[in-house]
Amino acid sequence: MKRLHLSLLLCLSFVLLTGFQARGGDLADILEQKGIITEEEAREAREDKAKEKTFKLLEKIDFKGDLRLRHDTQWRDEGDDKYARNRERLRLRLGFITKITDTTKVGVRLVSGSGYQNTTNQSFDEHARGKHIFIDRAYASWQPFDFFKITGGKHKNPLFTTPLVWDPDVNPEGVSESLNFNITDSISIFSNLGQWFIEELKIKDSDRDPTLLAFQLGTQIKPSKKIKFELAGTYYDFKNLDELDWDNDGSLSDTDTFLGYNNKYGQQMIFDNNKKLLNEFQCWELAAKVNIKDVLPVPFSVFGNYIINVGADIDELMEKGVDPGDSDPADLAGYGGDDRDTGWLVGVSVGNKKKKGDWYAKYHYQVLEDYAFPAVFVDSDFHGGGTNNKGHYVHGRYFFADNIQARATGFFTKRDDERKDGKKDEDRVQLDIVINF
């Protein structure tokens with residue numbers, strides 16, 4: 001009876017006082033001050049209201065996480081240097097997405113690792129010291145229409161592509177726009193645009209920070225319920241790279257920078273007499289994928305892509321380049337004028353990856369020349385990361401439960417061209433247990 005009495009009074013008071021807020025408190029405070037309810041009833045009302053707000057907030061938040069435990073073995077052959085490396089590693093990812101309004105979402109994800117853009121692995125070392133956690137994603141997206149979405153912050157790569165060009169761990173920083181239009185029931189066209197930041201220059205006389213402008217146009221065709229075909233062309237325009245300059249603080253050996261990472265992982269960074277970077281990346285990519293289901297007992301797909309950097313010119317780099325310490329244009333002479341500007345990948349996948357008992361397998365072969373794309377963004381596991389590589393990728397997984405799976409991955413790779421820096425072959429096997437929660 002007490003709660004019924006309280007409920008009736010609250011309802012009546014709400015009707016009388018809708019839109020009115022007391023300077024010193026909420027509705028329960030007003031009712032208590034007017035003697036309509038007791039102090040205890042007001043406290044109960046405030047607690048119920050707080051619980052209701054908490055439940056409503058939690059209903060809007062989608063929490064996700066996963067833990068991956070990995071054994072990683074590499075066998076490397078680099079001239080006379082031969083060795084095997086064994087590592088035990090983990091990857092932890094924790095995040096959420098919350099719907100702020102009907103059209104706006106905010107997402108955050110934290111990950112383990114070293115902070116590098118193309119890996120979230122954390123090795124077991126340093127006598128069990130604590131491990132670092134980094135912000136992997138932090139973004140807001142606004143979707144006023146079904147066909148249009150804009151996202152800002154550090155967010156998932158929206159492009160239709162493959163690991164030949166982008167490591168799946170890379171989350172670009174900046175603004176992206178996505179559009180999707182249905183032409184017919186079986187044909188749609190889509191476009192993804194990106195204005196992403198590469199580095200911020202701390203130079204007083206420059207307001208031209210290195211950025212990447214990405215332009216993608218594609219189509220999705222479903223000639224039947226069993227077949228889906230996707231095709232997209234992308235242009236990558238890396239702007240203001242000539243604002244990056246070599247200096248005497250070891251920038252080419254610092255892998256935290258665009259210059260240092262690319263220089264270490266397969267691309268010689270060449271500078272002019274003013275110590276400004278001469279390397280350019282204006283890249284065209286074509287990617288395609290065919291998904292087929294209900295033909296075999298399990299779905300399968302065939303995919304591939306091709307990329308070319310029309311801004312690469314080895315002869316021009318040698319002609320204009322100077323030798324400021326770390327960077328020597330003479331190293332490029334070994335290529336004999338070959339611009340080393342293309343890459344391609346072809347592969348196939350088969351199986352399901354949704355629930356207990358599912359299995360999935362994937363294979364691809366790729367070739368990636370030195371200057372096809374910046375090494376800083378490509379797959380960090382294939383050939384130890386970077387460019388100037390070729391080889392096989394083999395992957396399989398089995399679901400012991402809906403949220404627990406075992407994985408095995410093999411990389412069998414070689415240096416694509418040995419003329420510049422000698423031979424380097426690498427095989428790698430990764431064994432994983434992945435738990436989603």
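**Backbone, core and helix**

Modeller: In this predicted model, His383 has a relative accessible area of 1%, so it is buried.

Biologist: Where is His383 found?

Modeller: His383 sits in the loop between β14 (359-368) and β15 (389-401). Its phi is positive, at about 60 degrees, although His383 is not a glycine. Most residues other than glycine have a negative phi.

Biologist: And His127, buried or exposed?

Modeller: His127 counts as exposed because its relative accessibility is 74%, the cut-off being over 50%. His127 belongs to the loop between β4 (122-123) and β5 (134-145), and its phi is also positive, near 40 degrees.

Biologist: Changing topic, how many residues does the largest nonpolar core have?

Modeller: That core has 41 residues, and those with the most contacts inside it include Trp166, Ile307 and Phe373. Among the elements that give two or more residues to it are β9 (211-224), β10 (227-239) and β12 (300-309). The largest share, three residues, comes from α4.

Biologist: What does Ile307 touch?

Modeller: Leaving aside residues up to four places away in sequence, the contacts of Ile307 include Leu164, Tyr236, Trp284 and Phe373.

Biologist: Now helix α3; which of its residues are buried?

Modeller: They are Glu41, Ala42, Glu44 and Ala45. Seen down the axis of α3, these buried residues fall within an arc of 160 degrees, so they line one face of the helix. The face turned away from that buried side carries the exposed residues Glu39 and Lys51.

Definitions and conventions. Residues numbered from 1 in each chain as written. Predicted model: local features only at pLDDT ≥ 70, side-chain atom pairs only at ≥ 80, totals over all residues. Heavy atoms only, no water. Core = buried A, V, L, I, M, F, W, Y, C linked by side-chain atoms within 4.5 Å. Buried < 20%, exposed > 50% of the residue type's maximum accessible area, 1.4 Å probe, protein only. Helix = DSSP H or I, 4+ residues; strand = E, 2+ residues; numbered from the N terminus. Contact = heavy atoms within 4.5 Å. Arc of directions from axis to C-beta.
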